[in-house]
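Trainee: Hi, I'm new to this one. Could you walk me through it?
Mentor: Happy to, let's have it up on the screen.

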Amino acid sequence: MSNLLSPQDLFDYQRECVLHQLYNDDSMLWLGMGLGKTPITLTTIVDRMRAGQVQKTLIFGPLRVIQAVWAREARKWTHTEHLRFSVMHGNKEKRTRAMFANADIFLCNYENMNWLTETLDHYYISQGKEMPFQMVVYDEVSKMKNSTSMRMGGGIRERKDARGEVHKIKRTGWRKMIPHFKYRTGLTGTPASNGYIDLHGQYLAVDGGNRLGEYITGYKDNYFTSDHMGWAFSPTALGKQWIEHNISDITKKMDAKDHLDLPECKITNIMVDLPPAARKIYDEMEKNMFSKLDNGSELEVFSRNSVSNKCLQICNGSAYLPESKEWEKVHDAKLDALEEVLEEAGGSPVLCSYSFRADAERIMKRFKKYKPVNMTATKSSDTEAVINKWNNGQIKLLIGHPASMGHGVDGLQDNGHILVWFGMNWSLELYLQMNGRIDRQGQKYPVSLLRILCNETVDLAVADAINRKADDEEGLKAALQRYRDGHTTNELEINFM
């Protein structure tokens, strides 16, 4: 009996997104994490293939995504399992062979976009031949936000040869290829992390400049004002309205909280005390920007802005030496707390987020008996194998840095509902992204998010900022000030295990 999903298993909102892509030759999906951008787009591709509109589709994405996500997702569905994939990665010869492979879907990472542009130009465009692809998909289209980059606009790149001589190499930008695709779609969950200015390149890649203009200078002139130096651009009130109006016909925006019926998610703060020696080091660092460890090693930062980062290292149990990649142990309080979590988990898989490389090294060493795997240190080509082991219950402790646990590591919710924050950082985006690895569609159990925090430290300021959803510089400064004023702890609504 097949365990594959069928088109009838698509949610209503996913069918709505499929229709949006089918009704619009150029389309953009702004979908929150976990809403299923991949199965939606695969369904659209299959429907267009059956209608005779598309024979071959080109998909751009981050390396992890093209190597692990698309083919794995296709194998889950009855209507997409037949699709043949070719990944254009490796040396130039290997990429070229992959481009001419007998497949339905061709995947390329963004770093090879210039190579693919020039290869397509050489074999097809310059010879007056039709492109082999009828449809292009930009997974994580926010990678295309800079319309003047080498990737999009092309230009001259300098390269050194083995003798150290500099050579100028001309690169052709992807802009030249855009008009040769009949169907174009963009996928992202964070379309404008830096504001409206990010939208120009993304929509240029999707519609060739029909809605926001072909060039960034015109886009800025039409919708933005700049500071007196001409560096910072802010959209005018009317500019925002016109931008939103111009892109509204091809843009579908959905948030996960509006469409997913998820199990209960409980956030628990596990509070630990710094050992006396570590407390002394922490207090000295916070007050004087300098401290000395018992073994004589000195810790020092050279600006007040660096103090909170160094204090976060001390909270986690280790600290990097000045201007060095070497670190020294400070305490094991958080490791002890993590050990209690693993014991209480009783064999249930635990996903653990860390902040610094030293954290990962200490966790991997301390918990060898669990045979832990560091997803961040895993080669992108091995990502799928690691996720399959996780889903089969073969990995009891999987760790990773939030910055490397974005799109491309889908599926972690299939066999895990416990996420431990060994160390937190100031980024709300990374916090939500990491939580979304298990608190997302497909999760069957109540999710436990456990945050290991040190009492009376900057850990509380970070948690306070996250709780208040502070994602700007002023919000982070305010959280830090609340901590220094002694007003943070009571506002955390701390739960003890």
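Trainee: Let's start with T148: is T148 buried or exposed?
Mentor: T148 counts as exposed, because its relative accessibility is 52% (over 50% is exposed, under 20% buried, and anything in between partly exposed, using a 1.4 Å probe and protein chains only). Keep in mind that this is a predicted model, where local features need pLDDT of at least 70, side-chain atom pairs count only at pLDDT 80 or more, and totals for chains, interfaces and linings use all residues. Residues are numbered from 1 along each chain as its sequence is written, and side-chain values use heavy atoms, with hydrogens and water left out.

Trainee: Where does T148 lie?
Mentor: T148 is in the loop between β5 (135-139) and α6 (150-153). Helices are DSSP runs of H or I with at least four residues, strands are runs of E with at least two, and both are numbered from the N terminus.

Trainee: Which side chain does the T148 side chain make a polar contact with?
Mentor: That of N146, at 2.8 Å. A polar contact is a pair of N or O atoms within 3.5 Å; within protein, one must be able to donate a hydrogen and the other to accept it, and residues adjacent in sequence count only if both atoms are side-chain atoms.

Trainee: New topic: at what angle do α3 and α15 pack?
Mentor: Helix α3 (residues 63-74) and helix α15 (residues 383-391) pack at about 50°, and their axes are 9 Å apart. That makes α3 oblique to α15, since angles under 35 degrees count as roughly parallel, over 145 as roughly antiparallel, 65 to 115 as roughly perpendicular and the rest as oblique.

Trainee: Which residues make the contact?
Mentor: R64, Q67, A68 and R72 from α3, with T383, E384, I387 and N388 from α15. Contact means heavy atoms within 4.5 Å.

Trainee: What about α16, how many of its residues are buried?
Mentor: Six of the eight residues in helix α16 (428-435) are buried, so that helix is mostly covered. Among them are L428, Y431 and M434.

Trainee: Which residues touch the most other members of the largest nonpolar core?
Mentor: L338, I363, V420 and V458, in a core of 67 residues. Such a core is a set of buried Ala, Val, Leu, Ile, Met, Phe, Trp, Tyr and Cys residues joined through side-chain atoms within 4.5 Å. Helix α13 (residues 333-345) gives the largest share, seven residues.

Note on methods:
Axes fitted to C-alpha atoms, helices over the stretch in contact; angles between N-to-C directions.
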